[in-house]
Amino acid sequence: MSRPRLRPHMQSLIRCYATASANASAQGLRGPRRPKKEGTIADVFTLLTSEEPLLPERFAALKKEIVTDPQALVHSWHGVLKELENAEQEIQVEKSTNVSFADIQNGLSEEQLKEIKRAGVIVVRGGVSAEEALSWKQSIREYIQVNSKHGVKGVPPDRPAFYEIYNSPAQIQARTHPAVIETQKYLLTLWKASSGTPISMRTPVSYFDRLRIRPPGPSVFTLGPHIDGGSVERWEDPGFRKCFRKILDGGDKWTEHDPFDATPRLNANRDLYNAPNQCSIFRPWQGWTSLSSTRAGEGTLRVLPFLNLSTAYVMLRPFFRLRDGAYGTSVSSTAVPLDAGAWELDLDSPAFPGSLPRKAQQMRPETHPHLRLDKLVVSIPNVEPGDQVYWHCDLIHAVEAEHNGAGDSSVLYIPAVPLTQDNAAYLRDQLQNFEAGIPPPDFPGGIGEAHFTHRGTSASINSVAARRILGLEPFDVPPDADEGEKDLIQSVNAALF
Ligand SMILES: [Fe+2]
């Protein structure tokens, strides 16, 4: 691909950004995002060694700024370690998270909701038929084949599993499938917001993401345990850390942390460093729709299904370190001692284990030993083509390193995202990129699929519901909307249409 071919696109994009920026400031939505660097999914992960690079000294000052009552924090730490010790591996992923699409349509039971909120993950079966999901996969294979001459990017490059493809017709069909939209509407309403908050949890908007078609066998590129949507931003950004205020306040308050409170999330900045692959918007549920029959051990999703407990531990972890000589107290000289007595408060060092700017928040046995990742991170239940899986934005998750099955292990990443001011601005920018055939704003930039044959376009999308979720039609104000929801929808409609 030669540079001269890129220029017209880049020039028209620059013009678009300039126009959108002027329009946005006039209409109240934030201006367009800066394009991100070209690359792949591999850029958001780094193989951390036991020697993590130190963060700048200002991160030590940040710790002191955050912790106002050190003893209260120690109390929380001890409480969380105790709970983690007792976290049993009866992890009810199988029982708690399996629901049918009919369950979603009828409303989940109290017991189901309780379990799903504890685990932070759900599998919805039957909304999309297996035939439909398999036809999407076939269509994507053909799309890859027919466009191979344009250079289809994948990771790992010699035997791709993750494709830098966002705009294939099958992805558009999946994102706008009525059962997918209905499922997202329901799952978003499991979140609550204070009265008057400018958000509509019952108005899903599309967030374009890539896809995975993974052949059997081990992969040189695997996604170890991590949390999406920022790393050190959780502490560094004042708005983001407010989402975890109860945990950082210390004492027993961490047990009152509500991971489904949407209100503080609106002021969180998850992407302070404009990092490719970093989800910059409020995305309550990341998710995928399966395109294959995939069992545990076949390259599927793994999760640590104790949402509140793992969140409390992750947020407290930077404020504690092993005491000098603590290894000497351990039975094994190599295992990290887990007993609370081996750990002490650390408000002096800039250490934020597993948190590197521009990367996902990562967890390893060395950085987060009390999570006992080898025991508590478990594979999700078997999935069939068409099954939808969603997990909470704070949930620790991974992709199995091995794929020992016979067929491919394939998914389309499709999250559930509500309408907010910031998400509407993203939707506007995403639509513009879609029309140009380039990657969505949060993803590695470049020319993407601009020259691809048969890529999806908005001209082929007819249903109002589908057009609305993509930002092509005005949003409806629900009759019972409160002032916050009503004002939001009206102002977004005024800005976008
Ligand atoms: Fe992830």
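Okay, a definition to start: a residue counts as buried when its relative accessible area is under 20%, exposed when over 50%, and partly exposed in between, using a 1.4 Å probe and protein chains only. By that rule C243 is buried, at 7% relative accessible area, and C393 is buried too, at 17%.

Before I go on: this is a predicted model, where local features need pLDDT of at least 70 and side-chain atom pairs count only at pLDDT 80 or more, while totals for chains, interfaces and linings use all residues. Residues are numbered from 1 along each chain as its sequence is written, and side-chain values use heavy atoms, leaving out hydrogens and water.

So, how many disulfides does the structure hold? It's 0, where a disulfide means a pair of cysteine sulfur atoms within 2.5 Å. Take C243: its closest cysteine sulfur is in C393, 8.5 Å away, and that's too far for a bond.

Now the sheet. Strands are DSSP runs of E, at least two residues, and helices are runs of H or I, at least four, both numbered from the N terminus. Two strands pair if DSSP finds at least two bridges between them. Here we have an open sheet of 8 strands with mixed pairing, in the order β1-β2-β14-β8-β16-β6-β4-β3. At the edges sit β1 (98–100) and β3 (154–155), each pairing on one side only. β1 and β2 (residues 121–125) run parallel, joined by 3 bridges, and N98 has V123 in β2 as its bridge partner.

Last, a helix: α9 (residues 178–188) packs on this sheet, touching β2, β8 and β14 (388–392). Touching, or contact, means heavy atoms within 4.5 Å.

Methods
Axes are lines fitted to C-alpha atoms, for helices over the stretch in contact, and angles run from 0 to 180 degrees between N-to-C directions.
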